[in-house]
Amino acid sequence: MIPGVQNSIDWETNRARTHPADRAAAEDAARGFYRTVGLFGELRSVLWADSFPEFFQMVRQVGQAQFPWFWLRRRLGDASEYAPLLGWFEHPFTGRKIEWEFPNPRLEKFRAIRPQLLRAGTPQWMLDDLIDQKLARLFKSDPDFKGFEDGDWNMDDEPESYPQSYFWHQLIPSVYRDSFGKVLLNRFDNTALMTCESVAATRILEQCAAFFPSFHCVVLCDFPERIEPLDGKPVGESLTFTGRFRSGEEFFVWRGCPLADRRELEALLDIGELSRDRLLDFPEVVQRQIREVLGDRSLMLSYGISNLAEVLPNEDLHALIESQSTEDLFEISKREGFLEQLGTDDFGTLFRRRMSEELEPLMFVEVLNSTPEPDGSFRNYVLRVPPDVSTPREAVAWTFGTIDPEDYQPVRET
Amino acid sequence: MKKEMYRQGDILFVRREHSYADFSRHESDRLEVAQGEATGHHHVLVSPEIHYSKFGEMVNGLSLPIGGRVEHEEHAPIELPPGQYEVIRQREYRSEFRTTDVTD
């Protein structure tokens, strides 16, 4: 941090803004950003989008998402390894990294030839500059770039366009979550070197809903006209909401996931009724979010195993079951009325819950604690056991490893 | 012949006629046999002479020339007669490929 410089933004307030953007102020801030960063050239044109869909369309038109790779590389440091860029965006609410799916054959190529260049005596700094120039060629619309020919470099492997998944998985969710700039800033905050850019970017994001820098041209997006939370939270904190821009475009966000239309939102608001087929109709990014939400313990308790079995693929359901506590699984199964009592003996009671044909049944043995509670009562507890046990005694013996069920007869038990 | 076994909560002591374990003499007369990760309560063996073996951090064998007494805050104590014992911790099924230890 630069002492005395305010390098933060009130994201909740910012996200709640529904007034028209002060376009002159936003453009001034953008010019300041370009001057500060110094790697996008002089800002010559500003494109204003009235809505997020228009914003993304413009970002594409500006040059197939001219993402400032070389600028990021320079800011992030390591010249030879681009690994820090992978997973560069982080999920703002879970802290989990989102895998960067950006195809980059040039970087792979460069990695391959870099040792040769070093061996040939190319100075490190020159190599670094070389990377920058190579990467700068990605930005074909840069009129100032004079080109750099190199026989080891094949321009043909440059993809014609960035994949749809880049927009779906990275950019759109980021902006809808108001995190695009936030993530940028978080990265900048890591070192004092980056603070200037951070402050400059913050100034823009106080004046508009999103921005995307490219060479000589910035895309800015106006604030929405209305945001209506559907999760009972204040506007700035809500993750499930509908919104509307002055241009009339509406947008729908469910737990941070942008959706195509209101029908999708309504379906997700009643997620317990979702069929598996319906789930698979959603884009992958939404599916992932749905599974994450369904994996939440409270949802497991609310919707139960039966409903989830209708929605989740077997492998997801299996993973979810494995992650749940035995007590919860037992209680849910009991509540849903699917527990079969298979037998009782001196060691406890054996229960089974049948699952689909592809999934093994859940087996539980309920046993009585031998030591009384302080009030003199005896507490039951439940353990999960393998599906092939047939008696409570066998089940309890299994819990102690290799003990033969016939041998399992403690002389004393407390 | 049936095995002689003693159980205190999630720990089973199975008496062995012969043991191939490599026992170490415990310097104290109290040995923490298993930690209660859930409650913080431990299974503690008390005996004037304790020999034990370990697998990793887990006590898996005991040799008690003059017997011992296992104590735990939530369970009644158990007296172990002199002899050698295998110590088995209770486990729970999670999936075909995974089990977890049960902890008091």
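Biologist: Let's start with the strands. Which residue is the bridge partner of A:Arg412 in E1(B)?

Modeller: That's B:Tyr6. Keep in mind that this is a predicted model.

Biologist: What makes E12(A) and E1(B) a pair?

Modeller: Pairing needs at least two bridges between the strands. E12(A) and strand E1 of chain B, residues 5–8, have two bridges, in the parallel sense, so they qualify as a pair.

Biologist: Why is the meeting of B:Arg98 and A:Glu322 called a salt bridge?

Modeller: The rule asks for a side-chain nitrogen of Lys or Arg within 4 Å of a carboxyl oxygen of Asp or Glu. Here we have an Arg and a Glu, with N to O at 2.7 Å, so the pair passes. Across the interface of the two chains, the rule finds two salt bridges.

Biologist: And how many residue pairs are in polar contact between chain A and chain B?

Modeller: There are 22, counting pairs with both residues at pLDDT 80 or more. On chain A's side, E11(A) gives the most, with five residues. By class, that side has 14 nonpolar, eleven polar and eight charged residues.

Biologist: What area is buried between chain A and chain B?

Modeller: About 2600 Å², with carbon and sulfur atoms giving 49% of it.

Biologist: How many residues does each chain bring to the contact?

Modeller: Chain A brings 33 and chain B brings 29.

Note on methods. Residues are numbered from 1 along each chain as its sequence is written. Chains are lettered from A and ligands numbered from 1 in the order in which they are written. This is a predicted model: local features need pLDDT of at least 70, side-chain atom pairs count only at pLDDT 80 or more; totals for chains, interfaces and linings use all residues. Side-chain values use heavy atoms; hydrogens and water are left out. Contact means heavy atoms within 4.5 Å. Buried area is the accessible area (1.4 Å probe) that two parts lose on being put together, summed over both. A polar contact is a pair of N or O atoms within 3.5 Å; within protein, one must be able to donate a hydrogen and the other to accept it, and residues adjacent in sequence count only if both atoms are side-chain atoms. Helices (H or I, at least four residues) and strands (E, at least two) are DSSP runs, numbered from the N terminus. Ala, Val, Leu, Ile, Met, Phe, Trp, Tyr, Cys and Pro count as nonpolar, Asp, Glu, Lys and Arg as charged, and the others, Gly among them, as polar.
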